[in-house]
Protein chains: 2
Amino acid sequence: MTSYGKQKRLLVAVDCIIFGFDGQDLKVLLIKRGFEPEKGNWSLMGGFVQPEESFEDAASRVLKQLTGLEDIYMEQLYAFSRPTRDPIERTASIAYFALLDINQYHRQQLRHEFHAEWFSLSQMPELIFDHTEMITMAKEKLRYKAAIHPILFELLPQKFTIPQLQLLYEGVYETDFDKRNFSRKILSLKLLVKQKDKEKESSKRGAFYYKLDKRRYNANFHSFLNFIAKPHNLK
Amino acid sequence: MTSYGKQKRLLVAVDCIIFGFDGQDLKVLLIKRGFEPEKGNWSLMGGFVQPEESFEDAASRVLKQLTGLEDIYMEQLYAFSRPTRDPIERTASIAYFALLDINQYHRQQLRHEFHAEWFSLSQMPELIFDHTEMITMAKEKLRYKAAIHPILFELLPQKFTIPQLQLLYEGVYETDFDKRNFSRKILSLKLLVKQKDKEKESSKRGAFYYKLDKRRYNANFHSFLNFIAKPHNLK
DNA sequence: GCAAAAGTGTTAATTATACACCCATGT
DNA sequence: ACATGGGTGTATAATTAACACTTTTGC
């Protein structure tokens, strides 16, 4: 026995929702699709799963192809499978979302072949297939997960300031936090190590840099932050 | 253009992790696999995705095939894709987990063809392929999700008592809760409607039945319960 | 010297935890 | 009358939320 015979096989692709943070807004990296159908239209970066690779491998390959980056935080989002989602031929897509330091990407970025651009979540162009739905779901999951796990650090450079971190959280949750409560909450996690130097671009006084304590970060990855806004419908 | 040509297609299956609660332990429904390879070994219920159905459709079909039940709570768990996970031929599997009232199943259960049996999570037999991993992940996700969303009601009959509900939560989290705090927390959600009749099997005094307030349940599905045990590693 | 952002402390409100007794009923 | 499980209240601790002033420094 070397196959399951008459069962129908199908194409499987991966698509990557690549998040970055520019200091102000949460952004997603999109490309201009390079082949038919929908050639030239905005799309997530994706690719077909190859015979020897897992979906995770495929997603990492696709991410590297676009950004040149490896060892990026990535997580499976959802398997999209509406039979008609691709008009040419049935293709399922396993969506992954990735969080990266947008500056890393800038440094790497020499590949114009994909015509990639960062878009704010509030200014998304029309996208092919079900990619808009994918991004909506990714954003939800990011919020959900970041409320409980300290993953947003993946969007910042190695050294960052508390005000930068707060702007990031505020961007992700589209809300404002009280800076006293915010820094107390963040620092109470004991995940951050204060540096001696300051970031002096965005203020005269300057803000101290912090770095992640990698040991504690890995150990405490399951810590809870609880940034989830409480629902007000529990009357 | 009617196909993507040279790209390799692959088999895609779905597997269902079907949870039930017998009043004491959280259980999973397993079958004896009916075809090669691994014929006769314990396995999750699964099936190949057909050309005209989404993964969700396939999972519902498979669930109905085994249990006869429809409109069951089901959620995509994860896409498993290790190229060699099935020794015969590459087959990816999209795992879904389902929560059902075990009594519904008993009532329905006339199909012996699958040799299905309920197993406690602590007494799982050896399973084919990566099915053990799937169940482990499903259990984690169930805990994770149930800490935040009131989904465990899906495992109980329409009418249930607070002590039954507490046993369920205790089973899922493998811990004990204080019954005063438990009932206060649950009732504070205002999702339950007290009935006039009592369940008299498990005690002389009898315990009042409750029903879900479906309206509030649907509206407040995103409420937070926070049964997650706090980690003690945040010193 | 003043504008702009960084940094820090206290109080009140809410929520979570710990804990013990009375109640109803079948035997 | 007693054993069994059901049901409830209160006091304390922990956490979260609200809020305002001082510091630094480049201009």
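**Reading helices, strands and copies**

Author: Let us begin with a helix in chain B. In α3(B), the buried residues are B:H131, B:M134, B:I135, B:A138, B:L142, B:K145 and B:A146. Viewed down the axis of α3(B), these buried residues fall within an arc of 100°, so they line one face of the helix. Please keep in mind that this is a predicted model.

Reader: What span should the 16 residues of helix α3 of chain B have, and how far apart are its end C-alpha atoms?

Author: Helix α3 of chain B covers residues 131–146, and at 1.5 Å a residue it should span 22 Å. Its end C-alpha atoms are 22 Å apart, which agrees with that expectation.

Reader: Now the strands. Where do the side chains of a regular strand go?

Author: In a regular strand the side chains alternate between the two faces of the sheet.

Reader: Are the residues of strand β1 of chain A buried or exposed?

Author: Eleven of the eleven residues in strand β1 (residues 11–21) of chain A are buried, so count both sets of side chains as covered, under 20% relative accessible area.

Reader: Which strands are joined to β1(A), and in which sense do they run?

Author: Let us take them in turn.
- β1(A) and strand β6 (residues 91–99) of chain A run parallel, joined by nine bridges. In β6(A), A:A98 stands opposite A:I18.
- Strand β4 (residues 45–48) of chain A pairs with β1(A) in the antiparallel sense, over four bridges. There, A:F48 in β4(A) stands opposite A:A13.
- Strand β2 (residues 26–32) of chain A runs antiparallel to β1(A), with three bridges joining them. The bridge partner of A:G20 in β2(A) is A:K27.

Reader: What do β1(A) and β2(A) form, and how many residues lie between them?

Author: They form a hairpin, with four residues between the two strands. Look at A:G23 in the turn: its phi is positive, at about 100°.

Reader: How do I read a sheet as a whole? What is the strand order of the open sheet of three strands in chain A?

Author: In chain A the order is β8-β10-β9, with antiparallel pairing. At the edges stand β8 (159–161) and β9 (192–199) of chain A, each with a single partner strand, so one side of each is left without a neighbour in the sheet. From one strand to the next, the twist averages 45°.

Reader: How many bridges pair β8(A) with strand β10 of chain A?

Author: Three bridges, in the antiparallel sense, with β10 of chain A covering residues 207–212. To find one of the paired positions, go to A:F160, whose bridge partner in β10(A) is A:Y210.

Reader: Which helix lies across β8, β9 and β10 of chain A?

Author: That is helix α4 (residues 162–173) of chain A, which runs at about 80° to β8(A).

Reader: Could we look at one residue in a loop? Where does A:L155 lie?

Author: A:L155 is in the loop between α3 (131–146) and β8 of chain A. A:L155 is buried, with a relative accessible area of 1%. Its contacts, leaving out residues up to four places away in sequence, include A:F19, A:F21, A:L99 and A:L168.

Reader: Then how far is A:L155 from A:R143?

Author: Their C-alpha atoms are separated by 13 Å, and the two residues are twelve apart along the chain.

Reader: Finally, how are two copies of a chain related?

Author: Two copies of a chain are related by a rotation about an axis and a shift along it. The same surface serves both copies, as 98% of the contact residues of chain A recur in chain B.

Reader: What is the order of the three strands in the open sheet of chain B?

Author: It is β8-β10-β9, and the pairing is antiparallel. In chain B, β9 and strand β10 (residues 207–212) pair over five bridges, and B:E199 has B:A207 as its bridge partner in β10(B).

Note on methods
Residues are numbered from 1 along each chain as its sequence is written. Chains are lettered from A and ligands numbered from 1 in the order in which they are written. This is a predicted model: local features need pLDDT of at least 70, side-chain atom pairs count only at pLDDT 80 or more; totals for chains, interfaces and linings use all residues. Side-chain values use heavy atoms; hydrogens and water are left out. Two strands pair if DSSP finds at least two bridges between them. The expected span of a helix is 1.5 Å times one less than its number of residues. Buried means under 20% relative accessible area, exposed over 50%, partly exposed in between (1.4 Å probe, protein chains only). The arc is that of the directions from the helix axis to the C-beta atoms. Axes are lines fitted to C-alpha atoms, for helices over the stretch in contact, and angles run from 0 to 180 degrees between N-to-C directions. Contact means heavy atoms within 4.5 Å.
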